[in-house]
Structure formats: structure tokens, C-alpha cells
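Work through the exercises below with the sequence and the 3D structure at hand. Each task is followed by a solution in steps.

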Amino acid sequence: MHASQGRSAGLGLALASAFAFGGSGVAAKPLIEAGLDPLHVVWLRVAGAALVMLPVAWRHRGLVRSRPVLLLGFGLLAVAGVQACYFAAISRIPVGVALLVEYLAPALVLGWVRFVQRRPVTRRAAVGVVLAVGGLACVVEVWSGLSFDAVGLLLALGAAGCQVGYFVLSDQGSADGADGVEPPHPVGVIAYGLLIGALVLTVVARPWGMDWSVLGGSAGMDGTDVPAWLLLVWIVLLATVIAYVTGVISVRLLSPAVAGVVACLEAVIATVLAWVMLGEHLSAPQLIGGAMVLFGAFIAQSSTPRTPSGPVASGLAAGAAEGPDAGRAAAEGELSAGRAAT
């Protein structure tokens, strides 16, 4: 009975996390279109969330001494790199397209496993990669000579690459739990990742040059004016702090694999929200391609080897098929389980 209740609660939290993460691009794009630079929006998001998570960081300050490489990798790749590339991408291409491009991450992880680590991959995994790549071709409409901005697509691919970099780093510590080494607390890793990401983005984005007056005005969402500050609160509290924490807890109550599958809904939610709230319509081939990407990503994720390989983190995220945020939440959730961010 208790186990059943735990699974139900975990499923509800996983769905809440997917919805929260899925709305990040929908809330950010109007701010970008209102005049804020994408890097400034990323900085506001990460710095705001870092301030909220400061008490958590202080509570887990021992991580700075025990896991500096993991914290640095999480801050640079899973927070600063992914978010900067993703928000820059949605300033040029539709939210749903940018997020679906990121679903190449599981395929890229398998490429790393096969060609860099020289470990075998299953035929099932190869099928997942082919489906994901074929679906991506439909999403970007290659028969039209790439109907979307090429720079925007490259930025989305850059976000996927940063995500893969973090998952590869995470894979280096799969043996921790087996060796009796206590895994790092996932919420603590998230807190320090946000702090490190905020510091890096402060240097890169230079927020002192930001047009702060934009936050005192309004931003348009498909013809409807919304207070800019309200969108910022949405991005910081709902799409970052609450999304990460609920994602981590859901992985603890479910399993990383199940939570990862539920989190695949993030791409669907983001696409639907962008359709309804921003008027970004996708064609039938793009919708079919999106379904192929998600299905291929799911197959690739579930086929990724989990063999231990080193001492840095504590396992390859079962959430690798998730979007620019939720993947990190599931990854960090599994860290807490001895293998438990976004």
C-alpha cells in the first residue's frame, strides 16, 4: 500500500516537473522578443534560482571539498552551457523545434560510448538513433533546405552537446555506490551547479549592460500583454527551482528509468504550450518527426550501457532523453540513489 502510494506521488511529481520544465521556453521567449538578450534571460533565471537555493548550498557545503569536479561540470555544462545555447536557440527558432533537436542527446551519448569508449551498443540502440535522426530531419524539414535558421539549429545542437558532456561526466562515477562511497546529495549538487553557473554567466552575459527597464514593462504572448516581471518569476521559481526539486524527488519515489520516460513529456508539453500561448504552429510532418525523435530517444536511453567506468559522479543519467532541464533533474535524482538535473 505504501509502495503504491509512493509510486502515485512520484508519478504526480514527475508530471509536475515535466510541466514546469516544459514552460521555461514559453516564458523566456516573450522576454527575449521584448528586448532582453537571450544571455541576460539565462543569467536572470540562473542567478535568481541560485539565490533561492543559497540555504541549500550552505547546508551541503561539504560537497565543495568532496565533489569539486562534479559541481564544476554540472555548473558549466548542465546549467550555463545548456541554458545559454537553448535560450539563444529559441530566439531564432520555435521552442518546440529547439527542444526536439536536443533530443539527439541520447543518440550522441551512444556515439560516445561506441566510438570513443569503444563499448558495444545493441541493435535496439542503433534503431533508436536512426529513428531520432530521421525524426529530426522531419522536424527541420530538410527537404526544404532547412526551413529554420541554421544558427538557431546549431545552437540547439550545442545545447544537446553540453547535455551529453554532463552525462558523460556523470557516467564516470557509476562505481561509487558499489564501492560504499556515499553519493552526493542531488539537491546540493543542483544548488552548487546553479551558483557556479550564475558566476560563469555573470562573466559571459555582463548583466550590468542589460536593459532593466524591460522587466518593468510587458511582453507579448501571441497578442496578449503579460507583465515581464511575472514571466521572470515563472522562469525562476516554477521552471527552475520547483521543476528541479520535483524532478529529483520523483526519481527517488519511482526509478530513474520510469521518471525519465515521464519526463519525455516535457517536449510534448513545450510544443503544445508554444502552440497555444505563442502561436508557434508545427506542420504535420514536423509533428510526426517529433514523435519519431521522442520514441527514438526513449529507445536509445533505455539501451544505454550502465557499466561503471570511473570516480567522478555516480552514474549515467537515466533522464538523458529529457530536454534541456529535466535531464539534469533526473540525473541528479539518480545520484542520490547511488546512481539517482535539469
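**Exercise 1. The nonpolar core**

Which residues of the largest nonpolar core touch the most other members?

Solution. The model is predicted: local features need pLDDT of at least 70, side-chain atom pairs count only at pLDDT 80 or more, and totals for chains, interfaces and linings use all residues. Residues are numbered from 1 along each chain as its sequence is written, and side-chain values use heavy atoms, with hydrogens and water left out.

Step 1: A nonpolar core is a set of buried Ala, Val, Leu, Ile, Met, Phe, Trp, Tyr and Cys residues joined through side-chain atoms within 4.5 Å. Buried means under 20% relative accessible area, exposed means over 50%, and partly exposed lies in between (1.4 Å probe, protein chains only).

Step 2: read the core. It has 82 residues, and L36, V41, Y86, I90 and L194 touch the most other members. Helix α6 (residues 68–90) gives the largest share, 13 residues. Helices (H or I, at least four residues) and strands (E, at least two) are DSSP runs, numbered from the N terminus.

Step 3: take one member. Not counting residues up to four places away in sequence, V41 touches A28, L31, I32, L36, F87 and I235; contact means heavy atoms within 4.5 Å.

**Exercise 2. C162**

Solution. Step 1: C162 belongs to helix α10 (residues 150–171) and is buried, with a relative accessible area of 16%.

Step 1: leaving aside neighbours within four places in sequence, C162 is in contact with L77, G81 and V82. V79 is 83 residues from C162 in sequence, and their C-alpha atoms are 9.1 Å apart in space.

Step 2: a disulfide is a covalent bond between the sulfur atoms of two cysteines. Here the term is used for a pair of cysteine sulfur atoms within 2.5 Å. A search of the whole structure finds 0 disulfides.

**Exercise 3. Helix α11 and H40**

Compare the span of helix α11 with its expected span, then list what H40 touches.

Solution. Step 1: α11 (residues 186–205) has 20 residues and reaches 27 Å from its first C-alpha to its last, close to the expected 28 Å. The expected span is 1.5 Å times one less than the number of residues.

Step 1: 14 of the 20 residues of α11 are buried. Just after α11, R206 takes a positive phi of about 45°.

Step 2: H40 lies in helix α3 (residues 38–52) and is buried at 10% relative accessible area. Beyond four places in sequence, H40 touches A205, R206, P207, G209 and M210.

**Exercise 4. The hairpin**

How many bridges join strand β1 to strand β2?

Solution. Step 1: 4 bridges join β1 (residues 218–221) to β2 (residues 224–227), and the strands run antiparallel. Two strands pair if DSSP finds at least two bridges between them.

Step 1: M221 stands opposite T224 in β2. The hairpin has 2 residues between the strands, and D222 takes a positive phi near 55°.
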